[in-house]
Amino acid sequence: MGGCFSKPKPELHCSQAQPRRHRCTLSICPPDPHVEVKIEVVLPEKERAKEEMSPNGKASPLVYKVNGTARHYHLEEHPITINPYQNVKDVVEASVCHVKDLENGQMREVDLGCGKALLIKENGDYYAMGHKCPHYGAPLVKGVLSKGRVRCPWHGACFSIGTGDIEDFPGLDSLPKFQVKIEKEKVYIRASKQALLTQRRTKVMAKCISLSNYNISSTNVLIIGAGAAGLVCAETLRQEGFSDRIVMCTMDRHLPYDRPKLSKSMDSHLDQITLRPKEFFRTNDIEVLTETQVAAVDIKNKIAVFKDGFKMDYNKLLIATGNTPKALSCKGKEVENVFNIRTPEDANRVVKLASSKNAVIVGASFLGMEVAAYLTEKAHSVSVVELEEVPFKKFFGEKVGQALMKMFENNRVKFYMQTEVSELREQEGKLKEVVLKSGKVLRADVCVIGIGASPATGFLKQSGINIDSKGFIVVNKMMQTNIPGVFAAGDAVTFPLALRNNKKVNIPHWQMAHMHGRIAALNMLAHGTEISTVPYLWTAVFGKSLRYAGHGEGFDDVVFQGDLDELKFVAFYTKNEEVIAVASMNYDPIVSKVAEVMASGRAIRKRDVETGDMSWLTGKGS
Ligand SMILES: Cc1cc2nc3c(=O)[nH]c(=O)nc-3n(C[C@H](O)[C@H](O)[C@H](O)COP(=O)(O)OP(=O)(O)OC[C@H]3O[C@@H](n4cnc5c(N)ncnc54)[C@H](O)[C@@H]3O)c2cc1C
Ligand code: FES
């Protein structure tokens, strides 16, 4: 065993206010004094308000001038403050409308005097809750109300109208829930100051009184990976009342952050994209070991072996290690200023290097296209190199790909299609040119590689955990691997997707990682919960969002409505006469509507969408 955890030195960050000082900071005392493992220090909780200021809310929309044209950041990437209530009294009571103002199945934003609420009528009952999605602040009134829940129009998060609880993702928090009363045909909403001003978790996080002895080399739950899946797993365990020790480790230098922002708001500071502040981990007694790599898992003895030789026992294990971006294998691949975008530092550095210089992006899928779009604001030139003939071809199909390509070309992006990189040339160690197999030589000061990724599961090879031929961890509907007590979640797994007849799929997206983390946590606690979700994802370029729900792998046709050239369309992906996925641009909330139909288990037939008659969306179709 290469080292041991020791109690922290008292002079380290633990404040007087800490109720459980020995749990907040840990350092390694290895046999080798040069080895040091950094462990996130969790400080005492600051004022409530600070936590409620979402990091997402800190950045204000920016306006750029490119060639004289004013451009705006897309609102979705720079949302407003999550908590929109101001000057709140202890109790707020407001008459908000007449009972006749709202039909069954309708939602309405109403004014409470100190801010707004979402008022809902379903099956004759009224419900009131927060009106903005806690993820990026979408107005939920523009979302979809369906059988006891509201689905967000932007990225598909779902909230129970009965409790305000988040039921599907993305996002970590629930909505505040308010009381409704009817008096003399008028609807009143009553809300306490606490309900208005407190960011709601799904349930109250359990008080964190550890049952375990102070044994620092063992933990009850070890979570390898502090991405979306790992974080949601840890939070869910606490929400469900699990009070024993949780340790989460990550190779990253940082606490969990909003990874999708790295390619959409590339110069965001870390504190703008951090998902939870340090205080959160402290308060909820979730230990985060940063810059820590697990090198092997011994399932027989339930031990994780760290790269430096340190070992940690666990009772339950979650593997949520995500994936590793693929690198180029061509000549010159080691030159400076060639990046995969995995960390805020990568993203910030690319923006800096690209400023008024030449940027080359290799790969025209999500990451590459988002980076290309972002850099057009900054760089002298942006070129995209891609093997296929149109961007996003595999995912969105040829026609959507062509329409998007045109938008990029109109924004000064140059495409080099059906070719690949043969060499990266340097000058004084730094990238100077990208040479293509077609013979073309591109001037390049910075290059971003977005050619895919492979599951970060190499360290499990000898473990006995079932890994498929592509390296994905195979799990069942409860996120369990073949080894009892070992769960896996997120980008690194294949799991049975009910929507596609339980086909084993890998869905490397933000919403799914959240859902996996939640299901894994519930099943660690023996809830016996099977995953039931509709995959939902989005990409954002030039201030426009492309939304997508379902799982379109293997689609054989695409049915369009709207105008593709105007980028105002919905595309239905079909296979064997059935709609298996939907994408849209400027057509909200169609994707959320379709996601709700899919979630209800109702099949959508190709002929339903071909006619243009959308009555099937409400279940009233033929
Ligand atoms: C730039 C970018 C933009 C994206 N944009 C979108 C988007 O717009 N929409 C969308 O739906 N999805 C998007 N994604 C995908 C999304 O971020 C992932 O699906 C999601 O992060 C997966 O979560 P995860 O928890 O499985 O893994 P990750 O978030 O990748 O986290 C993996 C964690 O495991 C740790 N780890 C790995 N190996 C080890 C080890 N051996 N020991 C210890 N720790 C380890 C890592 O350090 C990290 O903490 C984007 C991804 C990137 C990179
Ligand atoms: S803003 Fe609601 S899910 Fe993103």
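User: How many bridges pair S8 with strand S13?

Analyst: Two bridges, and the pairing is antiparallel. Strand S13 covers residues 177-183. This is a predicted model. To read a pairing, look for residues that face each other across it. Here Ala128 stands opposite Phe178 in S13.

User: What does S13 form with S14?

Analyst: A hairpin, with two residues between the strands. Strand S14 spans residues 186-192, and five bridges join S13 to S14 in the antiparallel sense. Glu183 faces Lys186 in S14. Then check the turn: Lys184 has a positive phi of about 45° there.

User: Which strand does S7 pair with over five bridges?

Analyst: Strand S8, residues 125-129, is the partner of strand S7, residues 116-122. They run antiparallel.

User: What is the strand order in the open sheet of six strands?

Analyst: Read across the sheet, partner by partner. The order is S5-S14-S13-S8-S7-S6, with antiparallel pairing. At the edges stand strand S5 (91-98) and strand S6 (106-111). Each has a single partner strand, so one side of each is left without a neighbour in the sheet. Neighbouring strands of this sheet are turned by 30° against each other on average, direction ignored.

User: Which strands does S20 join through bridges?

Analyst: Take the partners one at a time. Strand S15 (residues 218-224) runs parallel to strand S20 (residues 311-319), joined by six bridges. In that pairing, Val221 has Lys316 in S20 as its bridge partner. Strand S19 (residues 303-306) runs antiparallel to S20, with three bridges. There, Ala304 stands opposite Met312. Strand S32 (residues 486-488) is parallel to S20, again with three bridges. Leu317 is opposite Val486 in S32.

User: Which residue takes a positive phi in the hairpin of S19 and S20?

Analyst: Gly309, with a phi near 100°. This hairpin has four residues between its strands.

User: How many residues of helix H8 are buried?

Analyst: Compare each residue's accessible area with the cut-off: buried means under 20% relative accessible area. In helix H8 (residues 366-375), nine of the ten residues are buried, so the helix is largely enclosed by the rest of the structure. Among the buried ones are Phe366, Glu370 and Tyr374.

User: Where is Thr539 found, and which residue's side chain joins it in a polar contact?

Analyst: Thr539 is in strand S35, residues 536-541. The contact is with Glu370: 2.5 Å joins the two side chains. Glu370 is one of the buried residues in H8.

User: Is Thr539 buried or exposed?

Analyst: Buried, because its relative accessible area is 2% and the cut-off is 20%. Now list what surrounds it. Beyond residues up to four places away in sequence, Thr539 touches Lys264, Phe366, Glu370, Lys544, Ser545 and Leu546.

User: Which residues have the most contacts inside the largest nonpolar core?

Analyst: Ile319 and Phe495, in a core of 83 residues. Helix H11 (residues 510-524) gives this core its largest share, eight residues. Apart from this core lies another, of 51 residues, including Phe366, Ala403, Val448 and Ala583.

User: What is Phe495 in contact with, neighbours within four places in sequence aside?

Analyst: Its contacts include Val475, Met479, Ile507, Met512 and Ile531. Lys503, Lys504 and His516 are also among them.

User: Which residues come nearest to ligand 1?

Analyst: Thr250, Lys264, Val294, Asp491 and Trp510, out of 34 residues around ligand 1. Next, ask which atoms are involved. Thr250 uses its side chain: an N or O atom there is 2.8 Å from an oxygen atom of ligand 1. Val294 uses its backbone: an N or O atom lies 2.8 Å from a nitrogen atom of ligand 1. Trp510 also places a backbone N or O atom 2.9 Å from an oxygen atom of ligand 1.

Terms used: Residues are numbered from 1 along each chain as its sequence is written. Chains are lettered from A and ligands numbered from 1 in the order in which they are written. This is a predicted model: local features need pLDDT of at least 70, side-chain atom pairs count only at pLDDT 80 or more; totals for chains, interfaces and linings use all residues. Side-chain values use heavy atoms; hydrogens and water are left out. Buried means under 20% relative accessible area, exposed over 50%, partly exposed in between (1.4 Å probe, protein chains only). A polar contact is a pair of N or O atoms within 3.5 Å; within protein, one must be able to donate a hydrogen and the other to accept it, and residues adjacent in sequence count only if both atoms are side-chain atoms. Contact means heavy atoms within 4.5 Å. Two strands pair if DSSP finds at least two bridges between them. Axes are lines fitted to C-alpha atoms, for helices over the stretch in contact, and angles run from 0 to 180 degrees between N-to-C directions. A nonpolar core is a set of buried Ala, Val, Leu, Ile, Met, Phe, Trp, Tyr and Cys residues joined through side-chain atoms within 4.5 Å. A residue is near a molecule or strand if one of its heavy atoms lies within 4 Å of it.
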